[in-house]
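This report describes one protein chain, from its overall form down to single residues. The sequence and the structure come first.

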Amino acid sequence: MDKKTIWSTFSLAGKTALLTGGGGVLGTVFARTLTQAGAKVWVTDLSEDRARQVAGELCDDNLDADSLAVDVMDRRSLESAAERVGNIDILLNAAGGNVSAATTSKELSFFDLPQEALSDVVGLNFFGGAVLPAQVFSRAMIDRGGVILNITSMNALRPLTRIPGYSAAKAAVSNFTQWLAVHMAQEYNPAIRVNAIAPGFFLTNQNRFLLTDSDMGKLTPRGQSIVDHTPMGRFGEPDELAGVTLWLCSPAASFVTGAVIPVDGGFSAYSGV
């Protein structure tokens, strides 16, 4: 394979991608990565304003993007988006998150975690973050092939303290990713690839309150523990997810399906001794 051919396998020219949860920090990275590789990207988010802002910034850089408000927990909202967008080649599921009401603390013990809060977290990350969008958007991939890329978490590999609902949901996403990869290949089309990225620790709006002390500008004990257990000795930068995203969405990964790829600075490989 010559140099030109190697680089061409990473091209997404002529492809159409839809990104859920595109209004966040990591979602912005995913959207920019896909557009810079040549894809037309529909940025969707529960917040129409956030989706429009991300798409607008891409368009300002002469990249091909558009936006939609989509509620990943509402099948009708997903189906309406599918009708608007038409056939897609890439579905990147980045919607998800945790809530403080489902997080144990000195004030809120495990025994008192509200079932409603736990159900909301599991529902958003598992059903909204993987299952429902796949049901709606992958139907059009049966004849054409396509890529489904889920975003799971380090929690799926190493359950973290304090966030039982989020950890359980992300473990379910990883398992579902492998199940769906097999199901699509055997039942519909082996050219439908399903993979996931398991990010390690990146400072985002979602976890900043757990990892840093906003008043002191220092790491919390939890944040310091994470860095101490990361062989590379730091948090990841959001842009460091770009390479693996492009690889898994492009023809360069044409024989990769059912994989969950950690991007974690070695966290999952470190036993602590």
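In this predicted model, residues 24 or more positions apart account for 71% of the contacts in the protein chain with a separation of 6 or more. The secondary structure of the chain consists of nine helices and nine strands.

**Overall form**

The C-alpha trace spans about 50 × 45 × 40 Å along its principal axes. A compact globule of 273 residues would have a radius of gyration near 19 Å, and the 18 Å of the protein chain agrees with that. Of the 273 residues, 49% count as buried. The chain exposes about 13500 Å², of which carbon and sulfur atoms supply 53%.

**Helix 2 against helix 3**

Two packed helices are described by the angle between their axes and the distance between the axes. For helix 2 (residues 25-36) and helix 3 (residues 48-60), the angle is about 35° and the axes are 11 Å apart. The crossing of helix 2 and helix 3 is right-handed. Helix 2 contributes Thr28, Ala31, Arg32 and Thr35 to the contact, and helix 3 contributes Val54, Glu57 and Leu58. By class, the residues in this contact are three nonpolar, two polar and two charged.

**Buried residues and their surroundings**

Ala37 sits in the loop between helix 2 and strand 2 (40-45). With a relative accessible area of 14%, Ala37 is below the 20% limit and is therefore buried. Leaving aside neighbours within four places in sequence, Ala37 is in contact with Phe10, Ser11, Leu12, Ala13 and Leu246. Lys15 is 22 residues from Ala37 in sequence, and the two C-alpha atoms are 9.5 Å apart.

Leu248 belongs to helix 9 and counts as buried at 0% relative accessibility. Not counting residues up to four places away in sequence, Leu248 touches Val147, Leu149, Arg193, Asn195, Ala196, Ile197, Ala253, Val256 and Ile261. One of these contacts, Asn195, is 53 residues from Leu248 along the chain, with 7.3 Å between the C-alpha atoms.

With residues up to four places away in sequence left out, Ser250 touches Thr9, Phe10, Leu12 and Arg193. Phe10 and Leu12 are also among the contacts of Ala37, and Arg193 is also among those of Leu248.

Thr152 lies in the loop between strand 5 and helix 6 and is buried, with a relative accessible area of 3%. Apart from neighbours within four places in sequence, Thr152 is in contact with Lys170, Val173, Ser174, Ala196, Ile197, Ala198, Pro199 and Val260. Ala196 and Ile197 also touch Leu248. The C-alpha atoms of Thr152 and Gly86 are 66 residues apart along the chain and separated by 26 Å.

Phe201 is placed in the loop between strand 6 (192-199) and helix 7 (208-211). Phe201 is buried, with a relative accessible area of 11%. Its contacts, not counting residues up to four places away in sequence, are Met154, Leu160, Ile226, Phe235, Gly236 and Phe267. Asp264 is 63 residues from Phe201 along the chain, and their C-alpha atoms are separated by 6.5 Å.

The C-alpha separations given above are set out here.

| Pair | Residues apart in sequence | C-alpha separation |
|---|---|---|
| Ala37 and Lys15 | 22 residues | 9.5 Å |
| Leu248 and Asn195 | 53 residues | 7.3 Å |
| Phe201 and Asp264 | 63 residues | 6.5 Å |
| Thr152 and Gly86 | 66 residues | 26 Å |

**Positive phi angles**

Most residues other than glycine have a negative phi. Asn62 has a positive value, near 65°, and lies in the loop between helix 3 and strand 3 (65-69). At 73% relative accessibility, Asn62 is over the 50% limit and so counts as exposed.

Arg162 also has a positive phi, near 80°. Its place is in the loop between strand 5 (146-151) and helix 6 (164-187), the loop that also holds Thr152. Arg162 counts as partly exposed at 33% relative accessibility, whereas Thr152 is buried at 3%.

How values were computed
Residues numbered from 1 in each chain as written. Predicted model: local features only at pLDDT ≥ 70, side-chain atom pairs only at ≥ 80, totals over all residues. Heavy atoms only, no water. Axes fitted to C-alpha atoms, helices over the stretch in contact; angles between N-to-C directions. Helix = DSSP H or I, 4+ residues; strand = E, 2+ residues; numbered from the N terminus. Left-handed = near helix turned anticlockwise from the far one by under 90°. Contact = heavy atoms within 4.5 Å. Nonpolar A, V, L, I, M, F, W, Y, C, P; charged D, E, K, R; others polar. Rg over C-alpha atoms; globule rule 2.2 N^0.38 Å. Buried < 20%, exposed > 50% of the residue type's maximum accessible area, 1.4 Å probe, protein only. Areas by Shrake-Rupley, 256 points an atom, 1.4 Å probe, with all protein chains shown as cover.
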